[in-house]
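Here is a short briefing to read with the model open beside you.

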Amino acid sequence: MCAAGVDHLPLPWGAMEHAFPQGKLLPFLTNLCIEAAGSCSEAVGYWDEDQHNYGYGFMDADGLPAVFAACPSLVSLSIWNALEPGDLTPLLQLPATVEAIDVGGEAWDDAAAGVLGQLTQLHSISWEGSDSVTDAGLHV
């Protein structure tokens, strides 16, 4: 299943809460991608006052536990340009069944590397398109 907008337009903020409401169960869903194509980055953007430029994302990590609860058989997860930068510790609630994760975008920085480093069940991590991750973050 791919949670992305139609014609490369992003999902509106809060759409994932409706796609994965509390109590929803998708026991046969094993692969999930939550993404916004780079071509629609302005449409998903928000103005970052600290950086004086646009950032990207249509959800924050606080919405991830509801997604994970709905998908107990998840094996792979892809999150590209979907998360707003911030605390990614809700990712630690990733089901133990998940073996592969693909990530990229503004939210994936050195702190995110520390969170991913705690997910010891992962066999594969693909990480692209994150300018804010450094060698120090990957040395976790």
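Leaving out residues up to four places away in sequence, A112 touches L88, A107 and W127. A112 is found in helix α4, and the coordinates come from a predicted model.

**Helix α4 and A112**
- A112 is buried, with a relative accessible area of 1%; the cut-off for that label is under 20%.
- The buried residues of α4 are A112, A113, G114, V115 and L116.
- A112 and L91 are 21 residues apart in sequence, and their C-alpha atoms are 9.2 Å apart in space.
- At the start of α4, D109 has a side-chain oxygen that comes to within 3.2 Å of the backbone nitrogen of A111.

**The aromatic pair**
- How many aromatic pairs does the model contain? The count comes to 1 aromatic pair.
- That pair is formed by W108 and W127. A pair of aromatic rings is described by the distance of the centres and the angle of the planes.
- W108 lies in the loop between β6 and α4, while W127 belongs to strand β7 (residues 124-127), so the pair ties together parts that are 19 residues apart in sequence.
- W108 is buried, with a relative accessible area of 1%.

**The nonpolar core**
- Which members of the largest nonpolar core touch the most other members? They are I34, L77, L91 and W108, out of 32 residues in this core.
- At least two residues of this core come from each of β2 (31-35), α3 (64-70), β5 (76-80), β6 (100-104) and α4 (110-117).
- The element that gives the most to this core is α3, with 4 residues.

**Strands β2, β5 and β6**
- Strand β5 pairs with β2 in the parallel sense over 5 bridges.
- Strand β5 also pairs with β6 in the parallel sense, over 5 bridges.
- S78 is found in β5, and its bridge partner in β6 is D102.
- Is S78 buried or exposed? S78 is buried, with a relative accessible area of 10%.
- Setting aside neighbours within four places in sequence, S78 is in contact with L32, C33, I34, E35 and D102.
- In a regular strand the side chains alternate between the two faces of the sheet.

**A backbone detail at N81**
- N81 lies in the loop between β5 and β6.
- Most residues other than glycine have a negative phi. N81, although not a glycine, has a positive phi of about 50°.

**The chain as a whole**
- The protein chain has 5 helices and 7 strands.
- From the N terminus on, the elements follow the order β-α-β-α-β-β-α-β-β-α-β-α.
- Of the 140 residues in the protein chain, 40% count as buried.
- Among contacts between residues at least 6 apart in sequence, 67% join residues at least 24 apart.
- The accessible surface of the protein chain comes to about 7,600 Å², and 53% of this belongs to carbon and sulfur atoms.

Conventions
Residues are numbered from 1 along each chain as its sequence is written. This is a predicted model: local features need pLDDT of at least 70, side-chain atom pairs count only at pLDDT 80 or more; totals for chains, interfaces and linings use all residues. Side-chain values use heavy atoms; hydrogens and water are left out. A nonpolar core is a set of buried Ala, Val, Leu, Ile, Met, Phe, Trp, Tyr and Cys residues joined through side-chain atoms within 4.5 Å. Buried means under 20% relative accessible area, exposed over 50%, partly exposed in between (1.4 Å probe, protein chains only). Rings of Phe, Tyr and Trp (its six-membered ring) pair if their centres lie within 6.5 Å; planes under 30 degrees apart count as stacked, over 60 as edge-to-face and the rest as tilted. A polar contact is a pair of N or O atoms within 3.5 Å; within protein, one must be able to donate a hydrogen and the other to accept it, and residues adjacent in sequence count only if both atoms are side-chain atoms. Contact means heavy atoms within 4.5 Å. Accessible areas come from the Shrake-Rupley method with a 1.4 Å probe; for residues, only the protein chains shown count as cover. Two strands pair if DSSP finds at least two bridges between them.
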